[in-house]
Amino acid sequence: MATTLSLVACVAFFIAGIVGINSYIRIMKLHNALKESYAILDMHFKRRWDLTSEVLDLIEIHFKDTDTLNEIKDLHIGIYEGLSRQRKISTNMAYTKALKNLIEVCKNTDDIQKGAKEILNNKIEELEKVEERIAKSRTQYNFAVLNYQG
């Protein structure tokens, strides 16, 4: 009887160990998926930050007094890598709205020389593509967060 009881206890501990290990592996997979999706999103944010610098350099001469340009310039302070995670999140949320306005202003202006306008249009197209990637990456990140929490 004691042998049977100890055998049952060993089997129960073995099963509990397997369940624990499987749970740990699942949590780590979800955690890694979350980290990876944030890294991809952050990469797109960084690309947008760099493109915005290039666009600002191109249009600053022509749009010095616009509210849209000032709003972007206020958000675009410092080096992206130097920002805290919380500052990146808050800045990028405001950036999305402000960049839509800036893109509209840039598309509808004729105040820029032809060569500069062509370069600006290329940068704006690239910026719009990055915005699309950000939207997709946000969806993937939100999905990863939900999976991790659920």
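**Group meeting: the pocket and the salt bridges**

Okay, let's start with the largest pocket, which is lined by Y38, L41, F45, K88, I89, N92, M93, R138, Y141 and N142. By pocket I mean, on a 1 Å grid over the protein atoms alone, an open set of points where a 1.4 Å probe fits, with protein on both sides within 12 Å along at least five of seven lines; lining residues have an atom within 4 Å of a point. This is a predicted model, with local features needing pLDDT of at least 70 and side-chain atom pairs counting only at pLDDT 80 or more, while totals for chains, interfaces and linings use all residues. Residues are numbered from 1 along each chain as its sequence is written, and side-chain values use heavy atoms, with hydrogens and water left out.

How much space lies in the largest pocket? About 160 Å³, taking volume as the space filled by probe spheres set on the points, with grid points joined across faces, edges and corners. By class, the lining has six nonpolar, two polar and two charged residues. Here Ala, Val, Leu, Ile, Met, Phe, Trp, Tyr, Cys and Pro count as nonpolar, Asp, Glu, Lys and Arg as charged, and the others, Gly among them, as polar.

So who supplies that lining? At least two residues each come from α1 (2-59), α3 and α4 (114-149), and α3 gives the largest share, four residues. Helices here are DSSP runs of H or I, at least four residues, numbered from the N terminus.

Let's look at α3, then. Helix α3 covers residues 85-107, so 23 residues, and reaches 32 Å from its first C-alpha to its last, close to the 33 Å expected at 1.5 Å a residue (the expected span is 1.5 Å times one less than the number of residues). There is a bend in α3 of about 30° at T96, that being the angle between axes fitted to the seven residues ending there and the seven starting there. T96 is also one of the buried residues of α3, which include K88 and N92. Buried means under 20% relative accessible area, exposed over 50%, and partly exposed in between, with a 1.4 Å probe and protein chains only.

On to α4: its 36 residues should span 52 Å at 1.5 Å a residue, and its end C-alpha atoms are 52 Å apart, which agrees. Among its buried residues are L120, I124, L127 and E131.

Now, the salt bridges. There are four in the structure, each being a side-chain nitrogen of Lys or Arg within 4 Å of a carboxyl oxygen of Asp or Glu.

K46 pairs with D50, with the closest N and O atoms 2.8 Å apart. These two are four residues apart in helix α1, so about one helical turn separates them. K46 is partly exposed at 23% relative accessible area, and D50 is partly exposed at 26%.

E126 bridges to R47, closest N and O atoms 2.4 Å apart. That pair links distant parts of the chain, E126 in helix α4 and R47 in helix α1, 79 residues apart. E126 is partly exposed at 29%, and R47 is partly exposed at 29%.

Then E131 and R48, with a closest N to O distance of 2.7 Å. This pair also links distant parts of the chain, with E131 in α4 and R48 in α1, 83 residues apart. Are E131 and R48 buried or exposed? Both are buried.

Last one: W49, in helix α1, counts as buried because its relative accessibility is 4%.
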